[in-house]
Structures are given as C-alpha cells and as structure tokens.
Amino acid sequence: MSQDSAPLPPAIDGLSLSDVLPEAEFSQRVPIQSILGRVDKGAGLAGKNVRVGGWVKSGRLGEKNTLAFLGVNDGSGPGILQVLVKADVYKLTDLVATGTCVHVEGSLKLPPESAKQQSIELHVDKVIHVGTVDAAKYPLPKGKTRLPLELLRDMVHLRPKTNIISAIARIRNALAYATHTFFQKHGFLYVHTPIITTSDCEGAGEMFQVTTIINDAEKLEKELKDNPPPSEADLKAAEDVVKEKGEAVAQLKSAKASKQEILAAVAELTKAKDSLAKLDERYKLGERFRLHGGIPKKDGKIDYAEDFFARQAFLTVSGQLQVETYACALSSVYTFGPTFRAENSHTSRHLAEFWMVEPEIAFADIQVCNCMSNFLCTCKFQVSTTTRMKVKYYQLLEVYDILLMPLGKRMTSSIQSYF
C-alpha cells in the first residue's frame with residue numbers, strides 16, 4: 001500500500017481529526033513541547049482539542065475547592081502546561097499532589113488577561129487515567145526548589161524529574177546525537193569496543209577489576225556453614241574404604257571368581273572412589289576457607305585460573321587499543337562508549353565512569369586536528385540549537401553552577417550568548 005493511501009489513525013472519541021493536534025507517533029498524547037514550543041507559545045491553538053499526559057509539577061485547589069490548577073510536564077521539554085480540572089470531572093484531591101501522573105483530554109483556551117505567566121491552558125473534559133502519589137511521602141518539592149545532588153543519590157528513580165538532571169539528560173542527548181551525526185556524515189564506521197577487557201590501555205589510570213572470586217568465596221562460606229566440610233578423620237575413613245574395596249577386587253581376581261562377582265566388586269570400588277573424591281574436594285575447600293577466606297591462591301598469590309575468565313579482567317579505561325586494529329583495516333573508525341577509572345579522587349576533574357569519543361584515522365597527519373576541531377564545533381552548534389528549546393535558561397545555568405564552575409567562568413558568556 002502506498003503512503004498516500006495509508007489509513008488515517010483513529011480520531012479521539014467524539015472529536016474529528018481536523019480538531020486534533022498531531023499526537024506523538026508511538027504515544028496517545030500530544031507532546032506539551034509541541035504546544036508551548038511554538039513562537040506564540042501555544043496561543044494560536046486556542047479552541048483545539050487535545051489529549052495530553054504528564055506529571056504534576058505543582059497543583060492547588062481554587063474557587064472554593066471546585067477547581068484544580070495543575071502544572072503538568074511530560075518530559076518533551078521544560079515547559080509546564082497549566083491544566084484546569086473541575087470538581088464534576090474528577091476527584092480533585094487525587095490530582096493536586098506533586099508527582100501525580102495524569103492522562104487527560106480537553107480543549108485549549110486562552111487564559112484570563114490577569115494570568116501573565118500562561119499563554120494557553122487546557123480545560124479538561126475527561127480524565128483518562130490518574131496515577132496517585134502519597135503527598136506526605138513524596139520527597140520532591142513543588143516548583144523550582146533545588147535539592148542537593150547528594151540527596152538525589154538516594155532517590156535514583158526520581159532524579160530525572162528534577163530540573164538539573166533532566167537538563168543534563170537533554171544536553172547529553174544533544175552531544176551524543178552530534179557525535180554520531182558528525183562521524184557518520186564523514187564516512188567513519190562506529191565500532192563497539194569491549195567494556196570488559198584484560199588489557200590496560202597505555203596505563204591510562206587505575207582500573208576497576210571484574211572478578212567472581214569474591215562472590216564465589218561468599219557463596220562458599222554460606223555453603224560450608226549449612227554443610228560443614230569433612231574432617232581429616234572422615235577423609236582417612238574414606239581412604240580406608242577405597243583400600244578395602246580395592247583389596248577385595250584383587251582377591252576376587254586372584255581366586256578367579258566369576259565375572260559377575262568381579263564386576264559387582266569393581267562397581268563398589270568405583271562408588272567408594274567417587275565418594276572419596278567428593279570428600280577430598282570439600283575438604284580442600286574447607287581448608288581454603290580456613291586459610292584464605294575462600295580465595296583461591298597459588299604460590300602465595302591469587303589464582304585467577306579459577307576466576308570467571310581464567311585470568312585478570314578489568315573495566316576498560318579506553319577503547320583505543322581495540323579501535324586502532326579496526327583502523328588498520330577499515331581506515332576511518334570511531335568508538336563512543338563508557339570508560340572507567342578507579343582513581344580515588346572526588347574532584348570535578350576525576351570521574352569513575354564517563355563516556356569518551358575515540359576516533360582513529362589511517363593515512364592522516366594534521367587532518368586529525370582539523371577533524372577534532374570540526375567535531376567540537378558540531379557539538380557546540382548542536383547543543384546551542386537543540387537545547388535552546390528544550391532546556392530553559394535557568395536550568396542550563398543550574399547545570400553550569402553545579403558541574404561546570406571549576407572549568408572556568410568564561411563558560412558564562414558562552415551560555416548567555418545562546419539565549
């Protein structure tokens with residue numbers, strides 16, 4: 001079927017397609033950014049019927065508790081759409097708590113002239129879905145109140161809802177998009193280099209080790225507590241049984257006993273040997289735990305032959321070593337992925353985990369510098385143009401104040417020039 005004859009998507013119940021703004025392609029909502037991101041900030045859409053979904057940033061009751069004013073954001077941008085719900089449409093006390101998830105349908109209208117902060121607002125006709133929260137336990141405050149980043153570390157699932165983390169996410173998205181766009185446009189091949197590696201690329205920094213030995217030792221401790229290892233006496237008794245069974249087999253053979261008798265005796269000997277082998281293995285594990293806490297050792301050093309990879313392995317500090325081999329076959333390549341440094345430093349210049357861009361170019365000299373210069377210009381342009389609509393000025397300054405201040409005050413003039 002051709003694109004021209006493709007069936008139209010179903011209209012919202014009771015509304016014609018001509019009255020509806022285009023919804024997100026894979027979602028049942030009109031992105032709030034498509035309403036507030038217009039030049040007129042949505043004022044020209046008055047009278048349109050839409051369905052939006054998002055989370056309440058702030059909410060209050062008005063007009064003697066007969067009307068709820070909700071500030072809703074759906075993550076498509078930093079803008080907050082004011083949503084009005086009447087008491088005869090839904091139970092208002094379930095809507096006003098910060099963090100409440102709402103999926104509503106209604107018409108866009110111009111706000112009263114006294115409302116200077118809003119250019120458009122949504123008057124709800126139908127509440128499709130509500131995800132309530134316990135206002136007494138929800139930790140994020142209303143509005144633009146900034147929470148310390150250390151506090152946000154303990155609320156991993158709520159961090160993206162804050163201005164600072166959502167702004168960082170949008171900036172990182174713009175940088176990642178610019179990275180892939182630039183290199184793909186210039187004929188580079190994207191190479192996935194391993195995150196777990198046995199090489200220390202150029203000795204670039206302290207490495208995080210990847211091992212299952214400690215986990216295995218903890219499992220061994222628990223297992224030995226539940227099922228204690230055999231003693232030397234148990235091991236000696238098992239050895240005596242094997243010796244006895246072996247002598248019995250030898251006597252039967254010398255007496256030229258029947259084949260059936262000999263096979264039965266051999267089976268008992270084999271069973272005794274298996275039992276001894278298992279006891280011996282558990283005895284050695286018990287001795288290992290007693291002497292070394294369950295860590296396998298050989299010649300006084302950790303025996304990595306019993307580790308998962310049978311050798312020492314680490315989180316990568318750089319993909320350069322691997323990507324260079326690809327450059328020797330494919331000419332222009334790059335890798336862009338996470339790298340790790342186990343440097344015990346808490347300054348803003350030392351990160352335990354970060355993403356690094358590493359291009360490699362065959363048959364190039366000064367052109368490498370030109371490539372990097374153009375790449376940085378592309379990143380700057382992408383951030384300045386993309387985030388202008390999706391990161392508010394105060395959010396970008398918040399990112400700067402918290403994360404970029406140590407890099408120099410000259411960033412301020414650059415940031416302000418974007419707005």
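This is a predicted model: local features need pLDDT of at least 70, side-chain atom pairs count only at pLDDT 80 or more; totals for chains, interfaces and linings use all residues.
1. Helix α5 covers residues 232–254, 23 residues in total, so it should span 33 Å. Its end C-alpha atoms do lie 33 Å apart, which agrees with that expectation.

2. Now for the surroundings of α5. L235, A238, V242 and V249 are buried in this helix. The buried residues of α5 pack against α6, which covers 259–292.

3. An open sheet of three strands runs in the order β7-β11-β8, and the pairing is antiparallel. The edge strands are β7 and β8 (209–210), each of which pairs on one side only. In general, strands of a sheet pair through backbone hydrogen bonds, either parallel or antiparallel.

4. Which strand does β8 pair with, and over how many bridges? Its partner is β11 (residues 313–315), joined to β8 over two bridges in the antiparallel sense.

5. Finally, the surface. I195, I196, F308 and F309 make a nonpolar patch of about 390 Å². One of these, I196, also belongs to strand β7 (residues 196–197). Is I196 buried, partly exposed or exposed? Its relative accessibility is 39%, so I196 counts as partly exposed, given that buried means under 20% and exposed over 50%.

Methods:
Residues are numbered from 1 along each chain as its sequence is written. Side-chain values use heavy atoms; hydrogens and water are left out. Helices (H or I, at least four residues) and strands (E, at least two) are DSSP runs, numbered from the N terminus. The expected span of a helix is 1.5 Å times one less than its number of residues. Buried means under 20% relative accessible area, exposed over 50%, partly exposed in between (1.4 Å probe, protein chains only). Contact means heavy atoms within 4.5 Å. Patches are made of residues with over 30% relative accessible area and no salt bridge: like charges are joined within 9 Å, nonpolar side chains (Val, Leu, Ile, Met, Phe, Trp, Tyr) within 5 Å. Accessible areas come from the Shrake-Rupley method with a 1.4 Å probe; for residues, only the protein chains shown count as cover. A salt bridge is a side-chain nitrogen of Lys or Arg within 4 Å of a carboxyl oxygen of Asp or Glu. Two strands pair if DSSP finds at least two bridges between them.
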